[in-house]
Amino acid sequence: MVAALFHELQMPHRIAFGSTGGPERRTEIAQLASGYEQRNSPWAQSRRRYNIAAGPRPIAELYSLIDFFEARHGRLYGFRWHDWLDHQSATPGRAISPLDQPCRELGTGRRYFLLEKIYGTGTHTATRRIHKPVANTVVVAVGGRTLSKTAYTVDNTTGKITLQTAASKGSKVTAGFKFDVPVRFDSDQLDIQFTSPESGSINNIPLIELRLAEVTA
């Protein structure tokens with residue numbers, strides 16, 4: 001995705017209240033003559049979809065939605081979305097810890113790493129790249145030791161971590177963080193019903209997660 005087609009700002013929370021959505025997978029299933037199935041997934045990662053549908057809303061909130069939609073030019077520009085269920089490295093109700101998630105090394109030299117989140121346990125897991133960490137929330141540890149904020153930098157637009165000093169070979173780099181989901185509107189039209197001069201309802205505003213290009217070392 002072209003970086004210029006993404007706006008690094010979050011949709012206002014008041015608009016997102018009442019939304020629905022979650023991860024989507026794509027599974028191809030072929031049923032054989034014997035009755036057995038062959039199943040395959042062309043997607044390495046899931047893709048999230050959301051829908052804003054709630055009412056009634058004050059006119060001021062409806063206008064803020066129109067304002068946000070117009071500034072994104074409909075489906076043209078992506079933006080940050082706060083997923084109320086899944087927005088941090090720790091499970092809901094737990095505080096973020098620098099030991100929450102392992103980071104993936106980028107290139108060689110043990111200085112550059114990418115934020116990821118792992119779902120599941122043991123051998124049955126799924127890994128999700130985190131491209132949009134929330135500013136000032138990322139905490140990092142190397143070999144179980146928490147680093148000071150001056151020992152690394154975070155690119156909040158890509159989820160890339162740069163260590164000031166290379167991690168020693170064999171030491172595990174982990175991180176804790178909050179994050180947003182990169183999305184865009186999945187319609188070039190807003191569907192708003194006006195129920196009175198002071199309020200209205202949002203009927204169907206779909207959003208879809210963006211697959212972003214990977215970064216290099």
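Modeller: Let us begin with a strand pair: β5 and β20 run antiparallel and are joined by 7 bridges. Please keep in mind that this is a predicted model.

Colleague: Which residue stands opposite Asn51 in β20?
Modeller: That residue is Pro206.

Colleague: And how many bridges join β18 to β20?
Modeller: There are 3 bridges between β18 and β20, and these strands run antiparallel. Arg184 has Ile208 of β20 as its bridge partner.

Colleague: What about β19 and β20, how many residues lie between them in their hairpin?
Modeller: The hairpin of β19 and β20 has 2 residues between the strands. Strand β19, residues 192-196, runs antiparallel to β20, with 4 bridges joining them. Ser196 is paired there with Ser199 of β20 as its bridge partner.

Colleague: Why is β20 described as largely enclosed by the rest of the structure?
Modeller: Of the 11 residues of β20, 9 are buried, so the strand is largely enclosed by the rest of the structure. Buried here means under 20% relative accessible area.

Colleague: Let me step back. How many helices and strands does the chain have?
Modeller: The protein chain has 2 helices and 20 strands. It has 217 residues, of which 41% count as buried. Along the principal axes, its C-alpha atoms fill a box of roughly 65 × 60 × 35 Å.

Colleague: What share of the contacts with a separation of 6 or more comes from residues 24 or more positions apart?
Modeller: Such residues account for 72% of those contacts in the protein chain.

Colleague: Which lining residues lie nearest its centre?
Modeller: Among the 22 residues that line the largest pocket, Gln45, Ser46, Arg128, Arg129 and Glu209 lie nearest its centre. By class, the lining has 9 nonpolar, 4 polar and 9 charged residues.

Colleague: On to the sheets. What is the strand order in the open sheet that contains β16?
Modeller: The order is β8-β9-β16-β15, an open sheet of 4 strands with antiparallel pairing. At its edges are β8 (104-105) and β15, and each of these pairs on one side only.

Colleague: How do the strands pair within that sheet, starting with β9 and β16?
Modeller: Strand β9, residues 112-114, runs antiparallel to β16, with 3 bridges joining them. Tyr112 stands opposite Thr162 in β16. Strand β15 (residues 152-155) pairs with β16 (residues 160-163) in the antiparallel sense over 4 bridges, and Val154 has Ile161 of β16 as its bridge partner.

Colleague: Which residue takes a positive phi in the hairpin of β15 and β16?
Modeller: It is Gly159, with a phi near 80 degrees. This hairpin has 4 residues between its strands.

Colleague: One last topic: what is the order in the open sheet that contains β13?
Modeller: That open sheet of 4 strands has the order β7-β17-β13-β14, with antiparallel pairing. Its edge strands, β7 (101-102) and β14 (145-146), each have a single partner strand, so one side of each is left without a neighbour in the sheet.

Colleague: And how many bridges join β13 to β14?
Modeller: Strand β13, residues 139-142, is joined to β14 by 2 bridges, and the two run antiparallel. Val142 has Arg145 of β14 as its bridge partner.

Technical notes: Residues numbered from 1 in each chain as written. Predicted model: local features only at pLDDT ≥ 70, side-chain atom pairs only at ≥ 80, totals over all residues. Heavy atoms only, no water. Pairing = 2+ DSSP bridges. 1 Å grid on protein atoms, 1.4 Å probe; cavity = no way out; pocket = protein on both sides within 12 Å on 5 of 7 lines; lining within 4 Å. Nonpolar A, V, L, I, M, F, W, Y, C, P; charged D, E, K, R; others polar. Buried < 20%, exposed > 50% of the residue type's maximum accessible area, 1.4 Å probe, protein only. Contact = heavy atoms within 4.5 Å.
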